[in-house]
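Me: I'm new to reading protein structures, and I'd like to understand where the words come from. Could you walk me through this one?

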Amino acid sequence: MTATHHSSNDDNRTRQLRADCESCFGLCCVALPFSASSDFPVDKPAGQPCGHLQENFRCSVHSQLRNLGYRGCTVFDCFGAGQKISQVTYKGPDWRTHPDSATDMHSAFLAMRAIHELMWYVNEVLDRTSAHSLHKEAADKLRELERLSLQSADELGTLDTFALRDEISPLLMKTSELIRAEGKQSHHPSLGRKPRKIGRGTDQIGANLQGADLRGENMRGAFLIAADLSGADLRWADLIGADLRDANLCAADLRESLFLTQFQVNAAIGDARTKLPPTLERPQHWAN
């Protein structure tokens with residue numbers, strides 16, 4: 001059995017983990033700080049609304065963000081935490097009409113994003129047919145994460161998200177080892193590609209990995225900033241926490257890569273030839 005996705009429940013499980021800005025109070029535009037850099041043209045402290053945030057919580061320069069230097073806004077993904085806080089935790093009242101709730105709402109948003117990110121990873125375990133031996137454990141973890149996500153804002157604000165990550169990490173590691181091993185055993189040699197070894201957390205900034213065979217590699221936390229991964233085969237590679245900022249993914253194959261997120265894809269450079277998992281969307285700023 002190859003390490004493929006189990007797609008029948010994919011949309012149902014991940015729908016709540018996709019950002020829906022129309023149902024959010026612009027929380028990422030307020031709660032998060034940013035500094036003048038290649039990603040933002042100005043400084044903004046946490047808790048202060050961005051100057052482009054309108055009264056209706058929509059961005060007044062949304063269609064021009066990258067041209068105006070707000071590249072970071074086009075990269076960020078909240079995993080659906082914004083609408084969860086706005087519509088479920090607070091059930092509609094926003095921080096403008098209830099300013100006393102603003103600080104707690106922002107703290108809860110950050111905790112919810114961490115919970116939803118972990119839910120994204122655990123959902124992937126459930127969507128991998130080859131990880132069927134771990135599905136019961138994953139289902140138990142997902143139920144606990146869902147319970148935590150329905151807590152009050154006060155409870156969310158005091159949640160130890162680092163401890164929560166440590167609790168989920170062993171499941172993700174076991175999944176990674178299982179899928180990567182099975183993927184390596186099942187695939188045939190890749191003609192014309194050079195097998196490469198990329199260790200966990202290694203520095204590959206600006207590395208030339210064009211056309212590399214990286215199937216089944218453990219690339220967790222690897223620094224791949226501005227690396228050339230064009231045409232590379234990244235199926236079954238574990239990419240959790242890998243820094244893909246400005247990495248060239250043109251014509252790369254990531255269809256079966258492990259624990260890849262929209263946030264990572266948004267930060268990279270790709271084109272119409274880039275093959276993505278079905279759970280992820282092709283960023284609008286990518287080349288056609």
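Me: Which residues does I85 touch, leaving aside those up to four places away in sequence?

Reply: This is a predicted model, and in it I85 touches L27, Y90, K91, M105, A108, F109, M112 and L156. Each of these counts as a contact because heavy atoms lie within 4.5 Å. I85 also belongs to the largest nonpolar core, which has 71 residues. Along with W95, M219, L224 and L229, I85 is among the residues that touch the most other members. The elements giving two or more residues to this core are α2, α4, α5, α6, α7 and α8, and the largest share, 14 residues, comes from α5. Apart from it lies another core, of 5 residues, including F34 and F40.

Me: What makes helix α4 "mostly covered"?

Reply: Look at how many of its residues are buried: 7 of the 9. They are A81, G82, Q83, K84, I85, S86 and T89. The buried residues of α4 pack against α5, α6 and α7.

Me: Why is α4 called oblique to α5?

Reply: Happy to show you! The two helices pack at an angle of about 125°, with their axes 8 Å apart. Roughly perpendicular covers 65 to 115 degrees and roughly antiparallel starts over 145, so an angle between those two ranges counts as oblique. That makes α4 oblique to α5. The contact is made by A81, G82, K84, I85 and T89 of α4, and by M105, A108, F109, M112, R113 and H116 of α5. The crossing of α4 and α5 is right-handed.

Me: How do you know that D243 and R245 form a salt bridge?

Reply: Check the distance between the side chains, which is 2.7 Å from N to O. The cut-off is 4 Å between a side-chain nitrogen of Lys or Arg and a carboxyl oxygen of Asp or Glu, so this pair qualifies. By this rule the count comes to 19 salt bridges. Salt bridges that share partners also join D213, R215, D233, R235, D253 and R255 into one network.

Me: What makes D253 buried?

Reply: The relative accessible area of D253 is 7%, and the limit is under 20%, so D253 is buried. D253 is found in the loop between β2 and α9. Leaving out residues up to four places away in sequence, D253 touches A232, D233, L234, R235 and K275.

Me: How do you know that E167 and K141 meet in a salt bridge?

Reply: Their N to O distance is 3.7 Å, and the cut-off is within 4 Å, so the pair counts. The pair links distant parts of the chain, with E167 in helix α8 and K141 in helix α6, 26 residues apart. E167 has a relative accessible area of 40%, so E167 falls in the partly exposed range. Another salt bridge joins R128 and E124 at 2.8 Å, N to O, and R128 and E124 are buried.

Terms used. Residues numbered from 1 in each chain as written. Predicted model: local features only at pLDDT ≥ 70, side-chain atom pairs only at ≥ 80, totals over all residues. Heavy atoms only, no water. Buried < 20%, exposed > 50% of the residue type's maximum accessible area, 1.4 Å probe, protein only. Helix = DSSP H or I, 4+ residues; strand = E, 2+ residues; numbered from the N terminus. Core = buried A, V, L, I, M, F, W, Y, C linked by side-chain atoms within 4.5 Å. Axes fitted to C-alpha atoms, helices over the stretch in contact; angles between N-to-C directions. Parallel < 35°, antiparallel > 145°, perpendicular 65-115°, else oblique. Left-handed = near helix turned anticlockwise from the far one by under 90°.
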